[in-house]
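Here's a quick briefing for anyone meeting this chain for the first time. Have a look at the sequence and the model, then read on.

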Amino acid sequence: MDSTTLKEAHRQVRDAQPDSTRVRLHRAISWLARAEQETEDTDARFIFLWIALNAAYAQEFGFEDAERE
């Protein structure tokens, strides 16, 4: 599945999602689109895909939560 297909699917369900989830998915799809544009530099493509993965699974921690962890 490419970023364009994911973007369309996300548009259909984003209003029912919490803001944090919506933003994470938007960022992940944006980075996936950037990775798809990279055809010459496989290292850059890998890095963009890695950023997309981390954007999708990131958790928001406040300062106090981070200290407890």
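**The chain at a glance**

The chain has an accessible surface of about 5600 Å², and 52% of that belongs to carbon and sulfur atoms (areas come from the Shrake-Rupley method with a 1.4 Å probe; for residues, only the protein chains shown count as cover). Keep in mind that this is a predicted model, where local features need pLDDT of at least 70, side-chain atom pairs count only at pLDDT 80 or more, and totals for chains, interfaces and linings use all residues. Residues are numbered from 1 along each chain as its sequence is written, and side-chain values use heavy atoms, with hydrogens and water left out.

**Overall build**

- You'll find four helices and zero strands here, in the order α-α-α-α along the sequence (helices are DSSP runs of H or I with at least four residues, strands are runs of E with at least two, and both are numbered from the N terminus).
- Out of 69 residues, 17% count as buried (buried is under 20% relative accessible area, exposed is over 50%, and partly exposed is in between, with a 1.4 Å probe and protein chains only).
- Taking the contacts with a separation of 6 or more, 37% join residues 24 or more positions apart (a contact means heavy atoms within 4.5 Å).

**Helix α3**

- Helix α3 covers residues 42-57, so 16 residues, and spans 23 Å from first C-alpha to last, close to the 22 Å expected at 1.5 Å a residue (the expected span is 1.5 Å times one less than the number of residues).
- Its buried residues are Ala44, Phe48, Ala52 and Ala55. They sit on the same side of α3, because they cover an arc of only 80° around the axis (the arc is taken from the directions from the helix axis to the C-beta atoms).
- That buried set packs against α2, residues 19-37.
- On the face turned away from the buried side, α3 carries the exposed residues Thr42, Asp43, Phe46 and Tyr57.

**Aromatic pairs**

- The whole structure holds two aromatic pairs (rings of Phe, Tyr and Trp, the last by its six-membered ring, pair if their centres lie within 6.5 Å; planes under 30 degrees apart are stacked, over 60 edge-to-face, and the rest tilted).
- One of them is Trp31 with Phe48, stacked at 5.8 Å centre to centre with 25° between the planes.
- Trp31 is in α2 and Phe48 in α3, so this pair ties together parts 17 residues apart in sequence.
- Trp31 is partly exposed at 32% relative accessible area, while Phe48 counts as buried at 16%.
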